[in-house]
Amino acid sequence: MTVPRQPSPPDLPGAPGPADGAPRPEDRRHMIRRRWLTATIIVLLIGVPAGYLLISANQSRDSGRDKEKKYSATGLTAGWPSKVQRRLYDVPVPPYSAEVAYYETNNWRTSRLYVQFLTSNEGLEKFLKETGTSASKLKKDDITISKRDQNVVGWEFTGPGPWWGVTHDQDNPAPTQDIVVSRANPKHPMVYVVSATTP
């Protein structure tokens, strides 16, 4: 005995069909737009930071080159003297100093370290204290760095100033420092030091 087959119901409008709920194939225009949008986002996420880093690196490098040009004409090297040099010549450059540059000369009789830096009033006080002197010993218009030493690195203490100076004498082999301070900017003194040691 066979069971009679039921006829399939007619397709009604709006009734879910076998294809409903399944993803439709993406048309070409939509696919191109989606890929273009994805590519644009990737370029923005990678390209913009990379471009910024490149520009920053170039500016930093150019700034370094400008400093080197500025100081190379005078024999000075832009940057901090090594820790060994600072300790040997007793020139404790304060932290956060700017426009730091130095030059060292050596001969059989005397070795000298020339250092310049821009600091704060607190930094100057600390520097003078650590070298064994103090701000109270600075004398107005006393250019303690000799013309010979000025010529070695191209320093000229002829600007508006005011200029202050002190010589910190010590017995050999401890170094002796000639220090000149420009207070053209009252909050940020520019310090020039020549520290000489005799082996």
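Tutor: A salt bridge is a side-chain nitrogen of Lys or Arg within 4 Å of a carboxyl oxygen of Asp or Glu. This is a predicted model, in which local features need pLDDT of at least 70, side-chain atom pairs count only at pLDDT 80 or more, and totals for chains, interfaces and linings use all residues. Residues are numbered from 1 along each chain as its sequence is written, and side-chain values use heavy atoms, with hydrogens and water left out.

Student: How many salt bridges does a search of the whole structure find, and which residues are linked in a network of salt bridges?

Tutor: The search finds 2 salt bridges. In one, arginine 148 meets aspartate 149 at 2.6 Å, N to O; in another, aspartate 149 meets arginine 112 at 3.6 Å, N to O. The network therefore consists of Arg112, Arg148 and Asp149.

Student: Which elements hold aspartate 149 and arginine 112, and how many residues apart are they?

Tutor: Helices (H or I, at least four residues) and strands (E, at least two) are DSSP runs, numbered from the N terminus. Aspartate 149 belongs to helix H4 (residues 147–153) and arginine 112 to strand E3 (residues 111–118). The pair links distant parts of the chain, the separation being 37 residues.

Student: Is arginine 112 buried or exposed?

Tutor: Buried means under 20% relative accessible area, exposed over 50%, and partly exposed in between (1.4 Å probe, protein chains only). Arginine 112 has a relative accessible area of 19%, so this residue is classed as buried. Aspartate 149, at 5%, is also buried, while arginine 148, at 46%, is partly exposed. The class asked for, that of arginine 112, is buried.

Student: What is the phi of tyrosine 96?

Tutor: Most residues other than glycine have a negative phi. Tyrosine 96 sits in the loop between helix H2 (83–88) and strand E2 (98–106), and is exposed at 83% relative accessibility. Although this residue is not a glycine, its phi is positive, at about 65°.

Student: Where does aspartate 141 lie?

Tutor: Aspartate 141 is likewise not a glycine, yet has a positive phi of about 60°. With a relative accessible area of 57%, aspartate 141 is exposed. Its place is the loop between strand E4 (139–140) and H4.

Student: Which residues does threonine 133 touch, not counting residues up to four places away in sequence?

Tutor: Threonine 133 is in the loop between helix H3 (121–131) and E4, and is buried, with a relative accessible area of 9%. Contact means heavy atoms within 4.5 Å. With residues up to four places away in sequence not counted, threonine 133 touches Leu128, Val166 and His168.
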